[in-house]
Structure formats: structure tokens, C-alpha cells
Amino acid sequence: MKKQKYLQNVVDNLKGRFVSLLVKKGEQRKVFSAKVNSVTSRHVMFTDTNGGNRRVNRRHVLRAWQKHVSSMR
């Protein structure tokens, strides 16, 4: 439980930044490189760098980490 609460705080703090998100969908796991647009109590909305806006349930975000600026060039 403590780990999940920490992860949600990390997601909240990444708003407006380029990040990598590990998202689960059933048995599948997907990694998205994205810019977080907004965060609500239930969802994380982001723009995938491959094009397209996405919305996922916060509970399905397994890991979130910020990309380094040098890797975005």
C-alpha cells in the first residue's frame, strides 16, 4: 500500500514533463514515452510521443520515471 501511494505522488509531480510510463492492461505490460497532460483522482491523461492522446486508470500505472533532457534531443 505504501508503495502504491508513493507512485501516485510521483505521477502527480510529473505533470507537464516527458516521462516513461509502464502501464498494465490485463496480462500485458506496455511502456509509453509521453508528456503528462493532466492527472485526476482516477485517471492519467498523456500525449504519447508516437502520436495520440491516451487516458489510463491511475491504478494501472505500475511505474513512472522522468526522462533525462539529453535523451530527448
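The model is a predicted one, in which local features need pLDDT of at least 70 and side-chain atom pairs count only at pLDDT 80 or more, while totals for chains, interfaces and linings use all residues. Residues are numbered from 1 along each chain as its sequence is written, and side-chain values use heavy atoms, with hydrogens and water left out.

**The whole chain**

Switch to a cartoon view, where the secondary structure comes to one helix and five strands, following the pattern α-β-β-β-β-β along the sequence. Helices (H or I, at least four residues) and strands (E, at least two) are DSSP runs, numbered from the N terminus. Of the 73 residues in the protein, 25% are buried, where buried means under 20% relative accessible area, exposed over 50%, and partly exposed in between, with a 1.4 Å probe and protein chains only. Among contacts between residues at least 6 apart in sequence, 39% join residues at least 24 apart, a contact being heavy atoms within 4.5 Å.

**The sheet**

Now select the five strands, which form an open sheet in the order S4-S3-S2-S1-S5 with antiparallel pairing; two strands pair if DSSP finds at least two bridges between them. Strand S4 (53-57) and strand S5 (61-66) stand at the edges and have a single partner strand each, so one side of each is left without a neighbour in the sheet. From one strand to the next, the twist averages 45° (axes are lines fitted to C-alpha atoms, for helices over the stretch in contact, and angles run from 0 to 180 degrees between N-to-C directions).

Methionine 45 stands opposite arginine 55 in S4, and phenylalanine 46 stands opposite arginine 54 in S4. Four residues lie between S3 and S4 in the hairpin that they form, and glycine 51 in the turn has a positive phi of about 100°.

**The aromatic pair**

Phenylalanine 32 lies in strand S2 (residues 28-39) and phenylalanine 46 in strand S3, so the pair ties together parts that are 14 residues apart in sequence. Phenylalanine 32 counts as buried at 10% relative accessibility, and phenylalanine 46 is buried with a relative accessible area of 0%.

**S1 and its two partners**

Move to S1, which eight bridges join to S2 in an antiparallel arrangement. These two strands form a hairpin with two residues between them, and glycine 26 in the turn has a positive phi of about 65°. Five bridges join S1 to S5, again antiparallel, and leucine 21 has alanine 64 in S5 as its bridge partner. Phenylalanine 18, in strand S1, stands opposite lysine 35 in S2 and is partly exposed, with a relative accessible area of 37%.

**Arginine 17 and glutamine 66**

Select arginine 17 in the loop between helix H1 (2-13) and strand S1 (18-25); this residue is partly exposed, with a relative accessible area of 39%. Not counting residues up to four places away in sequence, arginine 17 touches Ala34, Lys35, Val36 and Gln66. Glutamine 66 is placed in strand S5 and counts as partly exposed at 41% relative accessibility. With the same exclusion of residues up to four places away in sequence, glutamine 66 touches Leu14, Arg17, Phe18 and Val19. The C-alpha atoms of glutamine 66 and phenylalanine 18 are separated by 6.3 Å, although the residues are 48 apart along the chain.

**Last stop**

Finish with arginine 63, which lies over the face of tryptophan 65 at 4.8 Å from the ring centre; a charge sits over a ring if NZ of Lys or CZ of Arg is within 6 Å of the ring centre and within 35 degrees of the ring normal.
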